[in-house]
Amino acid sequence: MDEPGAGTPPAEAPVAVFVADDPRACEERAFVLTAVGIPHLVALAPAGHVLLVDPAHAAEAREHLARYAAERRAPPPSNNTTRRAAAD
């Protein structure tokens, strides 16, 4: 009798797409991945709190996280249009 899993290639190890000391930062980015439907796992590792994804989703996850980081850095939109409309 064959052993369970015999002939099945081993699954690839998850890939870390974000690492932080603060667990809230990791959870925040996990929420981003949840919103776009990318399966993930938050784990505690020697490097800190780690956001892990399947290697097949790593590039897409990194892209979404990069967009999220850019949005957080962007200045808020100007209210000049709103002020002009209210003055008319």
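How many helices and strands does the secondary structure of the protein chain come to? I counted 3 helices and 3 strands, taking helices (H or I, at least four residues) and strands (E, at least two) as DSSP runs numbered from the N terminus. I read the order of elements from the N terminus as β-α-β-β-α-α.

Ground rules. I am working on a predicted model, where local features need pLDDT of at least 70 and side-chain atom pairs count only at pLDDT 80 or more, while totals for chains, interfaces and linings use all residues. I number residues from 1 along each chain as its sequence is written, and I use heavy atoms for side-chain values, with hydrogens and water left out.

Whole chain. I looked up burial and found that 24% of the 88 residues are buried (under 20% relative accessible area; exposed is over 50% and partly exposed is in between, with a 1.4 Å probe and protein chains only). I then took contacts, meaning heavy atoms within 4.5 Å. Of the contacts with a separation of 6 or more, 58% join residues 24 or more positions apart.

Strand 3. I checked Leu 51, which lies in strand 3. Leu 51 counts as buried because its relative accessibility is 0%. Leaving out residues up to four places away in sequence, I found that Leu 51 touches Val 17, Phe 18, Leu 33 and Leu 65, among others. Leu 41 is 10 residues from Leu 51 in sequence and 5.8 Å away, C-alpha to C-alpha.

With the sequence neighbours up to four places away left out, its contacts include Pro 14, Ile 38, Pro 39, Ala 58 and Ala 61.

Strand 1. I found Phe 18 in strand 1. Its partners beyond four places in sequence include Ala 25, Cys 26, His 49, Val 50 and Leu 65. His 49 is 31 residues away in sequence and 8.2 Å away in space, C-alpha to C-alpha.

Helix pair. I looked up helix 1 against helix 2. Their axes come within 10 Å and cross at roughly 120° (lines fitted to C-alpha atoms, for helices over the stretch in contact, with angles from 0 to 180 degrees between N-to-C directions). That angle is why helix 1 is oblique to helix 2 (under 35 degrees is roughly parallel, over 145 roughly antiparallel, 65 to 115 roughly perpendicular, and the rest oblique). Glu 28, Arg 29, Val 32 and Leu 33 in helix 1 meet Ala 61, His 64, Leu 65, Tyr 68 and Arg 72 in helix 2.

Last entry. I found Ala 69 in helix 2. Ala 69 counts as partly exposed because its relative accessibility is 24%. Arg 29 lies 40 residues from Ala 69 in sequence and 9.3 Å from Ala 69 in space, C-alpha to C-alpha.
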